[in-house]
Structures are given as structure tokens and as C-alpha cells.
Amino acid sequence: MSWDEHIMLIAHTVNFFGEEIKVIGNTGSNSTREAIHATEQGFAVGMHASLQINPYYGKTSIDGMAVHFRNVMSMGPCVIYNVPARTGQDIPPRVIEQFSSWENLAGVKECAGNDRIASYTRSGIVVWSGNDDQCHDARWDCGANGVISVVSNLIPGLMYDLIYNGRDQELNQKLLPLIAWLFSEPNPIGLNTALAQLGMIKPVFRLPYIPLDIEKRKQFVQIVSDIGREHFIGNQEVRVLDDDEFLLLGRY
């Protein structure tokens, strides 16, 4: 999405759901100036907190990372997002801990594993798992507040049960094949493919994203059957979809 679309989506979400839920707008960037500008716009349209990532590709030093967060966090409540697989750089605990007493640190979305999550919760830092496949144990064994989730876009009710209704390894194991399928290619490729197969979105992809191949799409139909169609969003029959039903856009 362009930044204009990004801010419009935050505004749209706030307009429809802002009185019922807290809206966390992903306004982070590897450019501090850009992150500041987007975050100002996000708060201007009503988001309750921002999600801030550490600078990716054009990486900075660990001290520079801390200064980056200090600047963007000064504008309002912030969830810091650590996902080394995407940024190529871990946010070490010493960066997070220096902000632990800041009023604007709402918490951390942590993808570096449950040991890290447990260490933060022992220090009194609010943390959400960023990994669907680890979120059950993060919640019930490591003290995570919950999960900022991908699979919940498809099965919100079951994910609510997993996070809020007590330890349930049977349900966790039941959902792992779906989670593995979703992340067989980088997110959001699997999610967008699934939403198209469920009839929730048009089968249109903006390059460089392309849909999962037809064998993966057949697997999804079986996974939906195994879990139960009634647990997934929407009410249309799940379809495989032929390759020629997808539209790939390079310019839009």
C-alpha cells in the first residue's frame, strides 16, 4: 500500500471500530522522518497507539536504534515490534529495557521466541507474541499478554479460545497445520490466498506478491474441512481457484 492508503485504512478502521477496540496503526519505517510523519497522521485520524519497527535494510547501530524509538515514541503510545527475520537485526533487551518506565511504551510485539518473552514478563514489560505457532505456550507458560496474529484473520473465534479460555494443547495442535500452511511462504501471501479462496476478497495480488500454487490451494481446502468451515470467516464455500482466476498487478 502507499502511505496515503495506509493512513486511510487506519482512519477507516477507527471510524468503524474505534469505540469498541483499540486500534494500533502500523506506522513504523526505516526512516525516522517517515515514521514520525506517518505516526502523526495516524494519531490525527484517531489511532490509539502506533506499531514501530526497528530500521530495516538501512540498518543503524544499536544506540541509533534506541534514538529512533525515542523520537517516534514521544508522540504517543507505542508497541515496539521485533521481527529479526524481516529486519535483519534483533532489538536486544537493553534497548527495550531503557524504555520500560516510559508512559508511552504500551508493550512489545516479540518474534524472537518465548525465552525472550518470558524474560520481559519477569521484568514487568507487557509483551505479545508475534508468532502464531508459539503463541499458546507464550501465553500460558511465558506470561505473554496475547498474540498479534495472522491466523486470527481467518479463525478469530478459535484464536480467542486459544488465548483467553485457558491452556488447550489439543486445540493448539489442531491449528498448527493451518499456521504452517499460512507461513509456507512469507506473509501475507498465504493469508491473501486463503481470503480469496474463502470468497472474502477478490483474487487480486499486487506484485511482488503472488498467490500460493494450486497444490497449496488444494491443501487449504482440506485444512478448512479438517478444522470445520464454520470456524472460518465468511459463509461461501471454500474453493481451490484456478490460476487464471488470479489477477497480478504490477502497476495500480
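This is a predicted model: local features need pLDDT of at least 70, side-chain atom pairs count only at pLDDT 80 or more; totals for chains, interfaces and linings use all residues.
Colleague: Why is Gln-52 called buried?

Modeller: Gln-52, which has its place in strand β2 (residues 49-53), has a relative accessibility of 0%, and because buried means under 20%, Gln-52 counts as buried.

Colleague: What makes the pairing of the Gln-52 and Thr-39 side chains a polar contact?

Modeller: The two side chains are 2.8 Å apart in this contact, and a polar contact requires a pair of N or O atoms within 3.5 Å, so the value meets that cut-off. The side chain of Gln-52 also makes a polar contact with the side chain of Ser-50, at 3.2 Å.

Colleague: Why is Phe-16 called exposed?

Modeller: Phe-16, found in helix α1 (residues 3-17), has a relative accessible area of 51%, and since exposed means over 50%, Phe-16 is exposed. Together with Phe-17 and Ile-21, Phe-16 forms a nonpolar patch on the surface, with about 310 Å² of accessible area.

Colleague: How do you know that Asp-90 and Arg-116 meet in a salt bridge?

Modeller: Their N to O distance is 2.9 Å, and because a salt bridge needs a side-chain nitrogen of Lys or Arg within 4 Å of a carboxyl oxygen of Asp or Glu, the pair qualifies. Asp-90 lies in the loop between α4 (84-87) and α5 (93-97) and Arg-116 in helix α6 (residues 114-122), so the pair ties together parts that are 26 residues apart in sequence.

Colleague: What joins Asp-90, Glu-110 and Arg-116 into one network?

Modeller: Arg-116 also forms a salt bridge with Glu-110, where the closest N and O atoms are 3.9 Å apart, and salt bridges that share partners join the three residues into one network.

Key:
Residues are numbered from 1 along each chain as its sequence is written. Side-chain values use heavy atoms; hydrogens and water are left out. Patches are made of residues with over 30% relative accessible area and no salt bridge: like charges are joined within 9 Å, nonpolar side chains (Val, Leu, Ile, Met, Phe, Trp, Tyr) within 5 Å. Accessible areas come from the Shrake-Rupley method with a 1.4 Å probe; for residues, only the protein chains shown count as cover. Helices (H or I, at least four residues) and strands (E, at least two) are DSSP runs, numbered from the N terminus. Buried means under 20% relative accessible area, exposed over 50%, partly exposed in between (1.4 Å probe, protein chains only). A polar contact is a pair of N or O atoms within 3.5 Å; within protein, one must be able to donate a hydrogen and the other to accept it, and residues adjacent in sequence count only if both atoms are side-chain atoms.
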